[in-house]
Amino acid sequence: PASSRPVGNLNGGCACSLRIAASPWAVTMHHGSGGASAAMQSFSSQPKPVTATRKKFRDPGDLDISMYRDLKETCITWDKRVHRGNTYGMYTQNAIKEALQDATMEASPKPRARPRPKEVNVFDLPTPEPERVPVDLTSNLIAKEVVVEVETVEAQTDEFLPEPPKEQYRPQKTGIDTSTQVEDGELFDFDFEVEAILDVLVNKTLEQSMMEVEEEHEMSSMKAFKGRWFDQQQHIMKSWQAQVNEECALWQLKEKKVAERRLVREREARVLLKIQAVSSAQQHLGRLVPNAVAELKDVAFPDAKRVGVDQFFVPQLFAGIQQQIVGLLAAQQTADALVAGCFQGRASAHSEAYAAQRARQKESERKRLEEMQIRQGRIRILVDDGEGGQMPVGPIQISSQDGVPEVEDRIHSWIREHHPALASAWSHGVELRLGEAPVASTLAIFEAKAGQLAVVPRPAPPPVEVEDDEGEGSEEGGDA
């Protein structure tokens, strides 16, 4: 297809346009008048609205939950970095910092090992480079200076006449010429038109003068109020200073009386201490002589009964008491050991029961997740590996539209891909069972409980019996 575009106006008001055909070498010139030569632009194809290829909402089956370990991971509130509640508490801030540190530590890349330098081999030496011969390229890179011979000739010419101006472009006249006569006073009346302007000027002048007068009155009022306010503040400061001076005088009088009373109390305390010391000395000196005589009497004239009690009875009594205390301690230790053993036994029984409960909860959770995956079409089966253990088969994605043979073939393909040894032993295929009975339909798989699905090897087909043609021929001959 060809396209045209205007080039410009030439002398005389003629317009020129270029028309470019499909060939790059075909160019056509078209001349026309100035007003009729405007090129029209057009689209190569009709405009079309933009169609959205992306759906506004996702289909329920488009979400692939196989990438999640648990359905809770699909909810944003399960993420530890998302906090529900306020975020300005001390414990919340510490938890956020710890979560960010853990995320940063997990996202930090592992240090890469530095590559070992390659050892130089004596056989890797390159061949010697060819010898370079220098070439002078100055004559080819620098232009030679050529002296141009110039000859001067004197001549005198007449002055050139001015070139006539070009005729201006005059567009072609269209329509009919008309005329209108306007008399004085028909279009503009100065007295009437100037009235509005004078009203605005007078009103603005009066308004501005009134505003200035009001501002001066306001400034004078503010100045008077400011003077009264400063006088009031000075009066308040003077009264406050007088109250401060009065309080200082009262405080000094109080301190003086307190010091006098403190001196009186100190003198009274010293007198009381002296009286107590005198009474204590009198009491001690009054009992000093009788006590000294009693002590000397016990040493010089001992009592035989008292000496026997002190030397024989009291040690025997202390020995018996010590034996009883030792027996009580031994009995207490025995009772503590029995109580500790009973407590340890109960604690171990409680911990074992708690561990068993945790194991049952984990098993029930595993069964629930397995049943949920079965409802979603992802089956996982435990098969016997031939050595007394079990190996998992799956997960394998199935659909309610698939048949049982197709599901069994898919399971056998998965075993052949991941467990070649077991697949070689089960070369005839596998049979999917629900409990002890074979699976009748795929819908029964979706309704199965955890642990009910099982896979067993398919038995080998019976051998095909080959009929003996020769024997049959001989029998037919005998009958004949």
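Leaving aside neighbours within four places in sequence, which residues is Ile 411 in contact with? In this predicted model, the partners of Ile 411 are Ile 379, Ile 381, Val 393, Ile 396, Val 430, Leu 432 and Val 455. Let's see what surrounds this residue.

## The nonpolar core

Ile 411 belongs to the largest nonpolar core, a group of 24 residues. Within that core, Ile 379, Ile 411 and Ile 415 touch the most other members. Several elements each supply at least two residues: the strands β4 (378-384), β5 (390-397), β6 and β8, along with the helices α5, α6 (420-425) and α7 (442-446). The largest share comes from α5, with 5 residues.

As a piece of background, nonpolar side chains tend to be buried together in soluble globular proteins.

Helix α5 spans residues 404-418. If you follow this helix in the structure above, you will find that α5 lies across β6 and β8. The angle at which α5 runs to β6 is about 120 degrees.

## The three-stranded sheet

β6 and β8 also take part in an open sheet of 3 strands, ordered β7-β6-β8 and paired in the antiparallel sense. The edges are formed by β7 (437-438) and β8 (453-457), each of which pairs on one side only. In general, strands of a sheet pair through backbone hydrogen bonds, either parallel or antiparallel.

How many bridges link β6 and β8? The antiparallel pairing of these two strands runs over 5 bridges, and one example to look for is Arg 433, whose bridge partner in β8 is Ala 454. On the β7 side, β6 (residues 430-434) is joined to its antiparallel partner by 2 bridges. There, Leu 434 has Ala 437 as its bridge partner. β6 and β7 make a hairpin with 2 residues between them. Gly 435, in the turn, has a positive phi of about 80 degrees.

## An aromatic pair

The structure holds 1 aromatic pair. The ring centres of Trp 229 and Phe 230 are 5.3 Å apart, and their planes stand at 75 degrees; the pair is edge-to-face because planes over 60 degrees apart count that way.

Are these two residues buried, exposed or partly exposed? Trp 229 has a relative accessible area of 39%, so this residue is partly exposed. Phe 230, at 41% relative accessibility, also counts as partly exposed.

## Cysteines

If you are thinking about disulfides, the count comes to 0. A disulfide is a covalent bond between the sulfur atoms of two cysteines. Cys 248 is partly exposed, with a relative accessible area of 40%. Cys 342 is partly exposed too, with a relative accessible area of 40%.

## The whole chain

Stepping back, the protein chain has 8 helices and 8 strands. Of its 480 residues, 8% count as buried. Among contacts with a separation of 6 or more, 37% are between residues 24 or more positions apart.

Notes:
Residues numbered from 1 in each chain as written. Predicted model: local features only at pLDDT ≥ 70, side-chain atom pairs only at ≥ 80, totals over all residues. Heavy atoms only, no water. Pairing = 2+ DSSP bridges. Helix = DSSP H or I, 4+ residues; strand = E, 2+ residues; numbered from the N terminus. Contact = heavy atoms within 4.5 Å. Axes fitted to C-alpha atoms, helices over the stretch in contact; angles between N-to-C directions. Disulfide = S-S within 2.5 Å. Buried < 20%, exposed > 50% of the residue type's maximum accessible area, 1.4 Å probe, protein only. Phe/Tyr/Trp six-rings, centres within 6.5 Å; stacked < 30°, edge-to-face > 60°. Core = buried A, V, L, I, M, F, W, Y, C linked by side-chain atoms within 4.5 Å.
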